Amino acid sequence: MKKIIGLFLFLFVVSAWAQTPHAINYSIEEGLPSSNVYYVFQDSKSYIWFATDVGVVKYNGRDFIHYNTDDGLADNEVFQIHEDQKGRLWFLTLNGKLGFYANGKFHNEKNTPYLKSKMLSGMLQTFLCDSKGTIHITDRMSNVYRLDAQNRVSETTQFAYAPGGLVPNYRVIMCHLESKSGDIRMFMNTGINNSKGQLLLSSGKVVPDLVRSRVSQNGATVYFNFENHIYRIDEHRITWLFSLPKTSAVIISVDVDPVGNLWIGTRKGVYFCQIKDKRWQLRHLFPSLSISKVMRDRNCNYWLSSLEAGALMIPDMGVYSKDALANTKISVLDTDLQKDLWAGGYEGNYYHLTRDSVRAYNIGAGDKNIIKDLLFTPEGFYVTGNQYSLIHVKNFKQAVQMAGNSVYDDGLGNVWFGTVIVLKCPKKVLHSDQWQSLISKNYTEFLKLNKRTNVIAAGEKNDLWLGTNFGLYKYNPTDSIINYTQNGEGLNANIEDLYFDKQHRTLLIASNSQGVLILKDGHIISHFTRRNNLSNNNARAIAKAGANSYWIGTNTGIDKLYLADGKYHIRNFNPVLAIDDQKINDIEVINDTVYVATDNGILYFNQYKDFENKARPDIHLTEFRVNGQPRPWDKKISLPYNQNELTIAFDGISFLNTQQLQYHYKLEGADEIWFTTTNSQINYKALAPGHYTFKVYVTDARNNKSKTSIIRFSIDTPWWKTLPFVALFLLVSIAILLFIWRMRLQKLEHKFNFERKAIQAERDKATLEKQMIELEQKALRLQMNPHFIFNALNTIKGYYAEGNDVKASDYISKFSKLLRMLLENTEQLIPLSKEVEMLQLYIALTQIRYKGKFDYAISVDPNLNPDDTAIPALLLQPMVENAIIHGLAPKKEKGLLQIRFEKKDRQLICTVTDNGIGRSASQKTHKEYISKATEITSERIELLATRETASALSIFDLSDKDGNPAGTEVFIAIPLTTIW
């Protein structure tokens, strides 16, 4: 590290910083056409109007709309703006020509005849609209123009109000007084006269220069100035109130706000005058500006017009800025041991702020050095910057080329530096000329964390919390580092600031992308981002506000975090402080005052001040178009059926929440719910006839709600949808339908008779075909049964030929039982259980003949109900017979016959499997054998097929692993049906 000694410099001292209220400046950059603003005014619809030397400007909180003579303005040089009882805005101009603005149009002597005046000459000076709606306007020569509620004009000269007629020294200053009886009182340079020229109240002498006085009225009381003296006039007396300092500049405006405060505008600022303890107290504000008008709007914002810097808005008189550091980038705030405020800025500058002065210092090295942290200890102080840092303790002063983000005194004789790493430096080493070389030689001894660290904060029991670019870490007295970056989402983010609250044992974490996290016992207990009302996810600073509250500075404003009912909540303070989209670099709380560091200086306010929730938006309908054409909407509108495409435009007005307005609208008669949008125009296409009420209101970022604006309209029903036409149409339609119905009925009846005959013919044909199929099935059975009986009788014959009477007798007994079942089951289909029983009898008979030659097994799928499932009688008997006689009987070893009944989709699958000699071996010994029963079975299966379900008979030769014949398998598939 390069050593630079003695380069810290004392730069300057400025005088005591006055409590200048924080103000927002509107000038050419913001949208005004000129920086020369003569007057500021709020109309009855809440719009702010500016009178300038190049026309007038209308402002709704977002957009500046400029009007000049091209738009119909009488003159571009406008000095005052006033509104009468009809909502007309009158403009007092330099050339003396009258004009007003109403319903979106400028009126002048060219388009409005009664505005032509022969008497008015030069700059228009005063305006009054009395209780009868009569307008009184005076010019610089005291001529008076009067316009009554019926737009009738009368004009007088200055001498009409002077006692005795022509008195050259008499001047009408203004006619802004109206007595309780309705008489207009003239404020003149000699006092107050009535409209007949009678002197009611004398000023004591004629003062010709009084015509240069500035006058303001609050109710029946008038305030004015003569030179630097301020007076009050009521109906009884003229009273001197106070005098501005003799060194004050020329007074150019006198204004009184609704609460009785006086604002005296001069060429060198404005004097804010309040009565406290029965005395007038004056505060001199904005001394570099010429203030031409002061006005308080309905939301208690103060507007100041100036002749060189546009306009100013003061959102709250209790939020102040440091004049000496105005427009100075402040990066960090801290307090010394005496609770004085210190601030760090750019270019190596840092500042000591006391009640009476602001002292500026510089480290003296690095033109682009940004001060990052300040630390004050009993031995002295430390200043760290992003290029150079300063150590200033007792007899040791040194500026070093070391970038530091944070510096901390652990109270144990060590100073910690958060740089690209974390260093723990003993003070006895640090406060010596050789400390840099000592640290360089014993680098690992002082290194505690090899991470770029932005903040070091105290924890419990000498623990230290370390906020790095890579997340959160903790150092404990055992000289170990604990990594918290994996303890929850957000703890691995770039950390900008930390605050450990010993009372609640919680750690508040400000991150540059994950908002604010609250950690307790190593776990995140709360997390705030923009989703739950934090002003920005880039949180930059944390400061303790009270026992259960904290100030949070973000990239776009300031929030207050507080604990209530066991939960953390957050409130955005941008609207009340008017710091929308302003980056907050640091926050410091001294006693009850909150100091806020920004790129434009330092703001401060009493944190216990009762900030009014005053920033309520307003809303006005600006346009109602029907089929593209503008229409008035002050009364209920009735529209023809074909004028049903509507456009409704509206304007939300807010001067503190300009970018976060949301409109809520509903069209009663069409919508059941409210809709939300940020657009200020709604379009409706092809609305149905009916009665409608359009409602809209606006809310700001704090959910402050405006009044609801309403338009009522109806769309007429078209003639073809009226009740008489509909009734006639229904009658005619019914008659036509009856006729068509009758004709159709006759046609259907004819078609029905024809189709009925055709269906009956089809039925007869189907019945005949069914009978033929059944007869054919029976014929096949009759062919098969003799075949089976023939084989059985041959078996009995064989037994007798062998002389085996016992076997023959047993065989005849079982055969007779089987024969009886065949005779009893004469139906085409029988239950599967009967089929299985007959197969068992048949196989048993066959086993008697071929004793010991084979075993058998019959299985039925559990998904089948044998008593309900239908199957043709003795369907499998020929296959079983072939398997036994031609497959199992010739086999030397004992064989196995398997019969299975299974359900598959809509088919009954019957399988007969034997492990006999196979068909190829059997054909060698029975070459001429053709099974007549197999052919019959195949034909029976084909007759069972339906349109939906096929039937099939397949025979497969089985073989062993060596390819030798190993039996035969017969596969039969028939439609699955029930017996019932």
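Predicted model: local features only at pLDDT ≥ 70, side-chain atom pairs only at ≥ 80, totals over all residues.

Modeller: Let us begin with the chain as a whole, which has 980 residues, and buried residues make up 50% of them.

Colleague: How many helices and strands does the chain have?

Modeller: The chain has 75 strands and 10 helices. Among the contacts in the chain with a separation of 6 or more, 52% are between residues 24 or more positions apart. The accessible surface of the chain comes to about 48400 Å², and carbon and sulfur atoms account for 49% of that surface.

Colleague: Next I would like to understand salt bridges. What is the general idea, and how many salt bridges does the count come to?

Modeller: Side chains of opposite charge can pair when their charged atoms come close. The cut-off used here is a side-chain nitrogen of Lys or Arg within 4 Å of a carboxyl oxygen of Asp or Glu, and by this rule the count comes to 20 salt bridges. One of them joins the side chains of Glu460 and Arg505, at 3.1 Å from N to O. Glu460 lies in the loop between strands S45 and S46, while Arg505 lies in the loop between strands S49 and S50, so the pair ties together parts that are 45 residues apart in sequence.

Colleague: Which residue does Lys474 meet in a salt bridge?

Modeller: The partner of Lys474 is Asp463, and their side chains meet at 3.4 Å, N to O. Lys474 is in strand S47 and Asp463 is in the loop between S45 and S46, 11 residues apart. Lys474 counts as buried at 15% relative accessibility, and Asp463 likewise counts as buried at 12%. Salt bridges can also form a network, as they do in linking Glu379, Asp409 and Lys427.

Colleague: How should I read a pocket, and which residues lie nearest the centre of the second largest pocket?

Modeller: Rolling a probe the size of a water molecule over the atoms shows where empty space is left. The second largest pocket has a volume of about 1400 Å³. Its lining has 44 residues, of which Leu333, Asp334, Asp373, Val455 and Asp497 lie nearest the centre. Several strands each supply at least two residues of this lining, including S33, S41, S45 and S57, and S37 gives the most, with 6 residues. The lining divides into 23 nonpolar, 15 charged and 6 polar residues.

Colleague: Where is Ser406 found, and which residues does Ser406 touch?

Modeller: Ser406 is found in strand S41, and Ser406 counts as buried because its relative accessibility is 3%. Leaving aside residues up to four places away in sequence, Ser406 touches several residues, among them Asp373, Trp416, Asn454 and Val455. Ser406 and Asn454 are 48 residues apart in sequence, and 5.9 Å apart in space from C-alpha to C-alpha.

Definitions and conventions. Residues numbered from 1 in each chain as written. Heavy atoms only, no water. Helix = DSSP H or I, 4+ residues; strand = E, 2+ residues; numbered from the N terminus. Buried < 20%, exposed > 50% of the residue type's maximum accessible area, 1.4 Å probe, protein only. 1 Å grid on protein atoms, 1.4 Å probe; cavity = no way out; pocket = protein on both sides within 12 Å on 5 of 7 lines; lining within 4 Å. Points joined across faces, edges and corners; volume = space filled by probe spheres on them. Nonpolar A, V, L, I, M, F, W, Y, C, P; charged D, E, K, R; others polar. Contact = heavy atoms within 4.5 Å. Areas by Shrake-Rupley, 256 points an atom, 1.4 Å probe, with all protein chains shown as cover.
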